[in-house]
Amino acid sequence: VSSKPYYQVCADLIREVCEVFGSPRLFHLGFDEEKPEYQWNCENVVVRQGDLWWHDLFFLAKECEKYGARPWIWSDYVWNNEKEFLEKMPKSILQSNWYYGGFHDFPAEHPHYNMIRGYELLDAHGYDQILTGSTWSIDDNLWQTVAHGKNVLNPSSVSGYLAAPWQFTLQK
């Protein structure tokens with residue numbers, strides 16, 4: 001990650017994907033869960049942070065834009081880096097905040113508060129977003145995610161909804 005070969009491989013892959021798929025409208029770059037605590041069960045962890053996270057995001061976004069694809073990322077960075085995110089994140093990058101639990105009025109100190117609040121922050125600051133839900137934690141999260149988007153957010157900033165059907169591939 002973040003080396004000359006990495007940048008070249010990523011640039012080549014983005015170009016090739018855009019060629020193979022005929023200039024896709026959107027290109028998802030990931031950029032989620034880059035914190036050690038999200039990878040507690042992995043033996044080898046690589047985590048970008050600070051200026052390097054931003055440098056790599058801008059590099060990959062620019063590569064997508066070269067081929068007419070709109071860069072798209074997961075938005076969990078905003079949960080713990082609100083001020084920096086809102087200052088640096090270009091509106092040209094499509095956002096997907098994600099939350100897989102039940103939508104409740106959590107107090108600010110609750111761990112899920114910023115996850116749900118991410119949708120409103122993106123909306124209030126003019127970001128286009130595709131809201132993401134899943135059956136990972138509860139069966140009706142997708143319904144709750146759509147209801148939240150329709151009841152709380154500006155419809156012009158909601159580009160759609162995404163179902164993330166995560167599932168373990170190995171038995172625990």
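Contact here means heavy atoms within 4.5 Å. The model shown in these views is predicted.

**View 1. Asp-76 sits in a loop and is buried.** The loop that holds Asp-76 runs between strand E2 (70-74) and helix H3 (77-80). Which residues does Asp-76 touch, leaving aside its neighbours within four places in sequence? They are Phe-31, Asp-32, Glu-33, Tyr-38 and Trp-98. Asp-76 has no salt bridge. The nearest side chain of opposite charge belongs to Lys-35, and it is 8.1 Å away. A salt bridge needs a nitrogen and an oxygen within 4 Å, so Lys-35 does not pair with Asp-76.

**View 2. Lys-35 forms a salt bridge with Glu-37.** The closest N and O atoms of this pair are 3.0 Å apart. Side chains of opposite charge can pair when their charged atoms come close.

**View 3. Arg-15 has salt bridges to Glu-16 and Glu-19.** In the pair with Glu-16, the closest N and O atoms are 3.9 Å apart. In the pair with Glu-19, they are 3.6 Å apart. Glu-19 and Arg-15 are four residues apart in helix H1 (residues 4-20), so about one helical turn separates them. Arg-15 is partly exposed, at 26% relative accessibility. Glu-16 is partly exposed too, at 38%. Glu-19 counts as exposed, at 53%. The whole structure holds 12 salt bridges.

**View 4. The largest pocket holds about 810 Å³ of space.** Its lining has 20 residues. Closest to the centre are Glu-33, Tyr-38, Trp-40, Trp-136 and Phe-168. Glu-33 and Tyr-38 are also among the contacts of Asp-76. How does the lining of the largest pocket divide by class? It has 12 nonpolar, four polar and four charged residues.

**View 5. The second largest pocket holds about 200 Å³ of space.** This pocket is lined by 15 residues. Nearest its centre lie Glu-34, Lys-35, Arg-48, Tyr-77 and Asn-81. Helix H2 (50-66) and helix H3 each give two or more residues to the lining. By class, the lining has four nonpolar, four polar and seven charged residues.

Notes. Residues numbered from 1 in each chain as written. Predicted model: local features only at pLDDT ≥ 70, side-chain atom pairs only at ≥ 80, totals over all residues. Heavy atoms only, no water. Buried < 20%, exposed > 50% of the residue type's maximum accessible area, 1.4 Å probe, protein only. Lys, Arg positive; Asp, Glu negative; His and termini not counted. 1 Å grid on protein atoms, 1.4 Å probe; cavity = no way out; pocket = protein on both sides within 12 Å on 5 of 7 lines; lining within 4 Å. Points joined across faces, edges and corners; volume = space filled by probe spheres on them. Nonpolar A, V, L, I, M, F, W, Y, C, P; charged D, E, K, R; others polar.
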